Amino acid sequence: MAFLTGMVLGIAIGIFLVMAFARLEHSRAEQRRELAMAVTQYSKLTVEGLRKLLPPGFYPSWVVFTRRQKLKWLNYELAKLWPFIDQAASELIRTSLDPVFEQYKSLILDSIRFSKLTLGTVAPQFTGIEVLEDGSSGVTMELEVEWDGNPNIVLDIKTTFGVSLPIQVKNIGFTGVFRIIFKPLVSEFPCFGAVCYSLREKKNLNFTLKVVGGEISAIPGLSDAIEGTIRDTIEDTLTWPNRKVIPILPGDYSDLEMKPVGVLDVKLVQARDLKNKDLVGKSDPFALVYIRPLQNTTRKSKTINNDLNPIWNESYEFIVEDPSTQFVTVKVFDDEGLQSSELIGCARVSLSQLEPGKVKIVWLDLLKDLDVQRDVKPRGQVHLELLYFPYNVPGIVNPFAHKFALTALEKALKTDTDDTGASAIQKRKNVIMRGVLSVTVISAEDLPPMDVMGRADPYVVIYLKKQGTKLKTRVVNNTLEPIWNQTFDLVVEDGLHDLLIFEVYDHDTFGKDYIGRCIMTLTRVIMEGEFRDTFPLEGAKSGKLNLLLKWTAQPVYRDT
């Protein structure tokens with residue numbers, strides 16, 4: 001009897017436990033469903049809805065919702081921290097920039113160092129904030145900053161003439177956008193491995209220079225040299241793609257550093273209608289070309305004496321770190337001999353406008369200043385040819401970066417073999433692009449009238465500038481729309497460095513009258529093999545030339 005009673009009691013207790021457990025699990029499932037529904041509803045709430053549910057007394061004062069409130073809080077906290085930031089940042093800036101100034105100083109400066117440096121009592125103001133998508137690997141934040149500060153900055157300047165001067169930097173006004181990258185995201189506090197910062201955009205930078213107890217204009221060119229050094233230092237050390245990486249947690253963060261991504265070939269072809277800077281005669285122009293304004297990466301052309309329409313035909317190559325944000329800059333100067341050169345004008349073109357592997361020909365208007373474009377007086381134009389090759393992009397190959405076959409004679413004379421794999425720039429210097437250039441002068445359009453009858457007797461002279469080959473078409477009488485359809489084959493010994501010039505003349509019984517010209521390099525026809533295009537005539541009121549060019553190559557690689 002006891003056994004039966006125990007068995008019944010055990011079964012009853014077991015059934016009760018099973019039912020209780022089932023009821024408990026059902027209750028938990030209901031709670032999870034209700035929680036999921038609540039989370040879904042909360043995720044759909046707007047900021048205004050959250051404010052209604054959560055009054056201000058239930059969250060800390062620093063938690064804000066609008067962008068304006070965020071900026072107000074950031075500026076408030078920065079103003080409180082500014083005295084301490086001033087002390088720390090002043091010493092950091094001094095120790096960081098003193099050696100950097102040496103890389104960017106101009107020829108007139110022997111040394112430039114900080115004598116005094118404090119950032120003053122006025123803190124910068126954040127005027128904009130934006131968080132950019134950076135996948136799951138990091139967070140990118142951009143902060144727009146304005147600063148009209150009252151710093152105390154005195155530079156100790158020594159000129160190459162042996163003169164030492166204390167120069168005060170005053171009236172600083174700055175507006176720009178700083179980019180801060182927190183990357184990579186990790187599970188360990190503070191949840192990111194490193195901080196990377198850079199000046200993504202410099203919208204405005206103004207300052208004045210004053211000699212302490214003197215006048216800076218006493219030394220010609222000194223103010224421009226110091227200002228150029230300061231601007232170039234900021235441009236090349238802080239402006240994106242240049243960046244500073246601060247490791248927070250131990251690790252390898254080399255992927256955050258700036259790296260070369262391609263090579264840019266720049267041909268400085270010519271300039272026209274340059275502003276004359278000389279009282280007697282004409283200017284003696286030369287040009288500086290650079291992407292980064294370092295002394296060892298800035299290229300200087302030869303000087304063309306007494307010419308406002310110089311032809312340089314010089315090629316340079318530059319390493320590219322970020323084609324989406326970098327520019328190629330050209331500055332044209334008048335060579336004044338022993339005196340400092342005088343700027344005629346400057347221009348720049350964004351590398352984002354270039355199509356990889358395609359030649360881009362540009363005419364750029366020269367300006368007095370690249371940042372403050374108030375002076376719009378004509379200063380002339382400069383003619384560039386640009387060709388960008390990115391590294392390791394399928395389908396885009398730099399033909400100038402490979403070793404080409406040697407001639408039979410060169411193979412016989414070759415005594416050693418270089419298998420080290422020189423860089424693209426080193427190889428380009430030794431590449432000789434030999435071939436046959438087929439030129440078809442098809443026609444001309446809209447030529448200016450050259451005689452009293454409103455007609456002309458045009459013909460075209462073709463020549464290679466470096467090689468000296470010269471040919472000409474027949475004369476077509478009494479027309480401003482001549483059709484020649486004449487083809488000429490030219491054997492070219494060095495296609496990469498020669499220049500093709502077409503000059504159009506009006507034939508007269510006792511001479512000839514110049515109409516205009518067009519100048520081009522051979523890079524495009526070498527790259528494309530064949531093209532047909534229309535070219536405007538330089539120096540003429542109107543007129544275009546229709547041409548067809550073909551290239552049959554015999555590339556040669558020579559050791560030097």
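Visitor: Which residue forms a salt bridge with glutamate 77?

Guide: Happy to start there, with the reminder that this is a predicted model. Side chains of opposite charge can pair when their charged atoms come close. Here the partner of glutamate 77 is lysine 80, with the closest N and O atoms 3.6 Å apart. The two are three residues apart in helix H3, so about one helical turn separates them. Glutamate 77 is partly exposed, at 23% relative accessible area, and lysine 80 is partly exposed too, at 44%.

Visitor: Where in the chain do aspartate 494 and lysine 466 lie?

Guide: Their side chains meet in a salt bridge of 2.9 Å, N to O. Aspartate 494 sits in the loop between strands S19 and S20, and lysine 466 in the loop between strands S17 and S18, so the pair ties together parts 28 residues apart in sequence. Aspartate 494 counts as buried, at 12% relative accessibility, whereas lysine 466, at 52%, counts as exposed.

Visitor: How many salt bridges does a search of the whole structure find?

Guide: The search finds 11.

Notes:
Residues numbered from 1 in each chain as written. Predicted model: local features only at pLDDT ≥ 70, side-chain atom pairs only at ≥ 80, totals over all residues. Heavy atoms only, no water. Salt bridge = Lys/Arg side-chain N within 4 Å of Asp/Glu carboxyl O. Helix = DSSP H or I, 4+ residues; strand = E, 2+ residues; numbered from the N terminus. Buried < 20%, exposed > 50% of the residue type's maximum accessible area, 1.4 Å probe, protein only.
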